[in-house]
Amino acid sequence: MRNNIIKFIFLAFGLMFISCKEDPELVVGHSLVNDPALGHKRTLKLFKDSTFMFADSSLNRGLDRDTIIKGKYTIKNDTIYFQDPFYYFKKGILTNGYFELLSPRPLKFELLKNNSQINSKIYTDTKSDFTFFTYTKEYFGKDLIGKNSSLNEDEILKVKDLIQATIEKNKAKFYSNFNENDYNKQCMVIINSKNEKEVQIHCISKKSSFTLDWKEQPLIVKDGGDYFFWITINLTKNEVTDLSVNGQA
């Protein structure tokens with residue numbers, strides 16, 4: 001009898017210890033741009049008690065930028081809504097291995113931890129020169145006719161082939177970069193009103209100065225020549241429907 005009581009006490013203490021050690025973090029996203037002048041470290045955490053914490057600090061100590069913001073959130077239909085918006089961000093999703101904030105403009109954090117019920121499929125985004133953003137009216141200025149989508153490995157290879165063929169076909173416009181591998185690619189994938197898969201891609205030369213945070217947020221550059229170009233591909237039809245190479249300043 002005494003032995004049973006002792007076992008019960010040890011079991012009770014063991015359960016208490018485990019409950020105290022339970023991980024309070026539900027989702028953790030991280031962003032690190034490792035540059036001494038322009039670099040930053042950002043972390044966004046969702047906790048199981050429906051609170052969040054956003055931390056933003058500069059690697060340049062001369063800028064003296066250290067920010068911590070806390071608040072509450074809710075999850076509805078796999079979308080995370082911030083009841084206390086920060087930096088004007090009101091909602092986010094988990095997609096392609098990232099925690100992506102959607103408004104007023106896309107901003108992404110690499111997904112380090114996901115203990116939520118939201119499924120985030122990881123493609124080649126974190127391992128290649130492709131990154132993907134969700135189309136939002138708040139940032140791109142017009143309604144999406146259709147719905148957001150994604151690419152599988154075979155489709156990524158098809159996109160690469162079509163970009164390379166386009167560069168070779170328009171040699172007069174490309175004088176600094178001659179291979180699709182010379183570019184980082186920011187993509188938006190949609191299913192249009194005709195149920196066709198389209199990919200809008202902003203190609204950014206790896207020789208340019210825009211190489212630090214190109215996976216985190218969409219870049220808009222007006223000049224720069226063939227260091228920057230936009231291309232739209234209809235994957236269903238296997239054709240390029242639009243090409244726009246930047247001009248020189």
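This report describes the aromatic ring contacts of a predicted model.

## Aromatic pairs

Across the whole structure, a search finds five aromatic pairs. One of these joins F54 and F109 in an edge-to-face arrangement, with 6.2 Å from centre to centre and 85 degrees between the planes. This pair links distant parts of the chain, as the two residues are 55 residues apart. F54 belongs to strand β3 (residues 51–58), while F109 belongs to strand β8 (residues 107–114).

Both partners are shielded by the protein chain. F54 has a relative accessible area of 1% and is therefore buried, the cut-off being under 20%. F109 is likewise buried, with a relative accessible area of 0%.

## The stacked pair

F130 and F132 form a pair with another geometry. Their ring centres lie 6.3 Å apart and their planes meet at 25 degrees; because planes under 30 degrees apart count as stacked, this pair is stacked. F130 and F132 are both buried.

## A cluster of three rings

Elsewhere, F174, Y183 and F229 are joined into a cluster by ring pairs.

## A lysine over two rings

K108 has contacts of another kind, in which a charge sits over a ring. The charged end of K108 is placed over the ring of Y98, at 4.1 Å from the centre of that ring. The charged end of K108 also sits over the ring of F133, where the distance to the ring centre is 4.7 Å.

Key
Residues are numbered from 1 along each chain as its sequence is written. This is a predicted model: local features need pLDDT of at least 70, side-chain atom pairs count only at pLDDT 80 or more; totals for chains, interfaces and linings use all residues. Side-chain values use heavy atoms; hydrogens and water are left out. Rings of Phe, Tyr and Trp (its six-membered ring) pair if their centres lie within 6.5 Å; planes under 30 degrees apart count as stacked, over 60 as edge-to-face and the rest as tilted. Helices (H or I, at least four residues) and strands (E, at least two) are DSSP runs, numbered from the N terminus. Buried means under 20% relative accessible area, exposed over 50%, partly exposed in between (1.4 Å probe, protein chains only). A charge sits over a ring if NZ of Lys or CZ of Arg is within 6 Å of the ring centre and within 35 degrees of the ring normal.
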